Amino acid sequence: SVALTSEQLAAFVGTYSSAQLGMDLKITSDGTRLQGQATGQPAFPLTATSETDFEFKPAGIVIKFDVSSKKLTLNQGGGKFDFVKKE
């Protein structure tokens, strides 16, 4: 895993929406790590694998953030889903 500063993590925090899946993914930070929570699902911890990539191994989730375009891509079970940050 990669250690990121609280400032780096803060850039990813927000609620992201997927028209494809019809759900939101809320990303929060406690200052040392990120957590993801999809609509109606329990929250899960995200481990940084690079400065923009995070994973939750038990569910096979990999999330790639693109801060400049305010998007994230969620890969799970062979599917790739795009989320856009809500303002």
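Reader: Which residues is L72 in contact with, leaving aside its neighbours within four places in sequence?

Author: This is a predicted model. In it, L72 is in contact with Y16, L25, I27, I63, K64, F65, F81, D82 and F83, once neighbours within four places in sequence are left aside.

Reader: How should I read the nonpolar core? Which residues have the most contacts inside the largest one?

Author: Start with the general idea. In soluble globular proteins, nonpolar side chains tend to be buried together. Now the case here. The largest nonpolar core has 20 residues. L25, F54, F65 and L72 have the most contacts inside it.

Reader: Which strands each supply at least two residues of this core?

Author: They are β2 (23-29), β3 (34-38), β4 (44-48), β5 (53-56), β6 (61-66), β7 (71-76) and β8 (79-85).

Reader: Next, the largest pocket. Which residues line it?

Author: L21, M23, L25, A38, Q41, P42, F44, I61, L74, Q76 and F83 form the lining. Strands β2 and β7 are the elements that give two or more residues to it. The space in this pocket is about 180 Å³.

Reader: How many residues of each class are in that lining?

Author: Nine are nonpolar and two are polar. None is charged.

Reader: Now D53. Is D53 buried or exposed?

Author: Check the cut-off: buried means under 20% relative accessible area. D53 has 14% relative accessibility, so D53 counts as buried. D53 is in strand β5.

Reader: What does D53 touch?

Author: Not counting residues up to four places away in sequence, D53 touches T47, A48, I63 and K64. The D53 side chain also makes a polar contact with the side chain of T52, at 3.0 Å.

Conventions: Residues are numbered from 1 along each chain as its sequence is written. This is a predicted model: local features need pLDDT of at least 70, side-chain atom pairs count only at pLDDT 80 or more; totals for chains, interfaces and linings use all residues. Side-chain values use heavy atoms; hydrogens and water are left out. A nonpolar core is a set of buried Ala, Val, Leu, Ile, Met, Phe, Trp, Tyr and Cys residues joined through side-chain atoms within 4.5 Å. Buried means under 20% relative accessible area, exposed over 50%, partly exposed in between (1.4 Å probe, protein chains only). Helices (H or I, at least four residues) and strands (E, at least two) are DSSP runs, numbered from the N terminus. Contact means heavy atoms within 4.5 Å. On a 1 Å grid over the protein atoms alone, a cavity is a set of points where a 1.4 Å probe fits but cannot get out, and a pocket is an open set with protein on both sides within 12 Å along at least five of seven lines; lining residues have an atom within 4 Å of a point. Grid points are joined across faces, edges and corners, and a volume is the space filled by probe spheres set on the points. Ala, Val, Leu, Ile, Met, Phe, Trp, Tyr, Cys and Pro count as nonpolar, Asp, Glu, Lys and Arg as charged, and the others, Gly among them, as polar. A polar contact is a pair of N or O atoms within 3.5 Å; within protein, one must be able to donate a hydrogen and the other to accept it, and residues adjacent in sequence count only if both atoms are side-chain atoms.
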